[in-house]
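Try each one yourself before you read its solution.

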Amino acid sequence: METSTTKSAFTTKRMVEIALITAVICILAPFAIPIPVSPVPISLTNLVIYIAVFILSWNDALFSYIIYLLLGIAGLPVFSGFTGGLEKLAGPTGGYLIGFIFMTIIAGIGTNKFGGKKLPAVLGMVLGLAVAYIFGTAWLAYQMHISFMAGLSVGVLPYLAGDAVKIIIAMIVGPILRSRLSAIN
């Protein structure tokens, strides 16, 4: 019989799942497409996070992202453009990296707490992205010495269509991966 204490324990399986998602973030996040209108490149980081919240609990997805963030801060080239180090966090994209912490929590709760139902999952992803955008835009505006509204025009508007596509992809791929992985558990 599984107790709540057993369920929340750090099992080998749970550690492997967290490590695998962390590895996927570390592999895909550095691949970034710079765009001429912004110092913020197009990244796959949020797509991996969206899929991760289908596969893991929201807190395990968060743990995975924080490990990725710490690896990058330590200097491993896992951030966009194969960069790493504390200076990346202090640079124009640092606010987005911090904002992804909150995006993971909100998207994860929207996905996990409602049994993977589509509407709460999408709303969680959209709301989480909005919060990440607030952190990212505020920090970008501060770094570039521009207004928050100007920060929105360079740090958010060029990405909205692509982020909508990432959410659609996650809504298709995430449930498939979750069901296939649960079938082998």
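The exercises below go from the whole chain down to single residues, and they use a predicted model.

**Exercise 1.** Work out which elements the chain has and in what order they run.

*Solution.* Start by counting: there are 9 helices and 2 strands. Then walk from the N terminus, and you get α-α-β-β-α-α-α-α-α-α-α.

**Exercise 2.** Check the radius of gyration of the chain against that of a compact globule.

*Solution.* For the extents, the C-alpha atoms fill a box of roughly 60 × 35 × 25 Å along the principal axes. Finally, look at contacts between residues at least 6 apart in sequence: 68% of them join residues at least 24 apart.

**Exercise 3.** Describe the surface and the charges of the chain.

*Solution.* As for burial, 42% of the 185 residues count as buried. Now the charges: there are 10 positive and 5 negative side chains, and the centres of these two sets are 9 Å apart.

**Exercise 4.** Find the largest nonpolar core and say which element gives the most to it.

*Solution.* The core holds 41 residues, and Tyr50, Tyr65, Tyr68 and Met125 have the most contacts inside it. Elements giving two or more residues are α2 (12-28), α3 (45-55), α4 (58-73), α6 (94-112), α7 (118-144) and α9 (160-183). The top contributor is α3, with 8 residues.

Zoom in on α3 next: 10 of its 11 residues are buried, among them Asn46, Tyr50 and Phe54. Those buried residues pack against α2, β2 (42-43), α4, α6, α7 and α9.

To finish, pick Tyr65 and skip its neighbours within four places in sequence. What's left in contact with Tyr65 is Ile25, Thr45, Ile49, Leu97, Phe100, Ile101 and Thr104.

**Exercise 5.** Is Thr22 buried or exposed, and which residues does it touch?

*Solution.* Locate Thr22 first: you'll find it in helix α2. Its relative accessibility is 5%, and the cut-off for buried is under 20%, so Thr22 counts as buried. Now list its partners, leaving out residues up to four places away in sequence: Thr22 touches Ser64, Ile67, Tyr68 and Leu71. One of these, Tyr68, already turned up among the residues with the most contacts inside the core.

Notes:
Residues numbered from 1 in each chain as written. Predicted model: local features only at pLDDT ≥ 70, side-chain atom pairs only at ≥ 80, totals over all residues. Heavy atoms only, no water. Helix = DSSP H or I, 4+ residues; strand = E, 2+ residues; numbered from the N terminus. Rg over C-alpha atoms; globule rule 2.2 N^0.38 Å. Buried < 20%, exposed > 50% of the residue type's maximum accessible area, 1.4 Å probe, protein only. Contact = heavy atoms within 4.5 Å. Areas by Shrake-Rupley, 256 points an atom, 1.4 Å probe, with all protein chains shown as cover. Lys, Arg positive; Asp, Glu negative; His and termini not counted. Charge placed at Lys NZ, Arg CZ, Asp CG, Glu CD. Core = buried A, V, L, I, M, F, W, Y, C linked by side-chain atoms within 4.5 Å.
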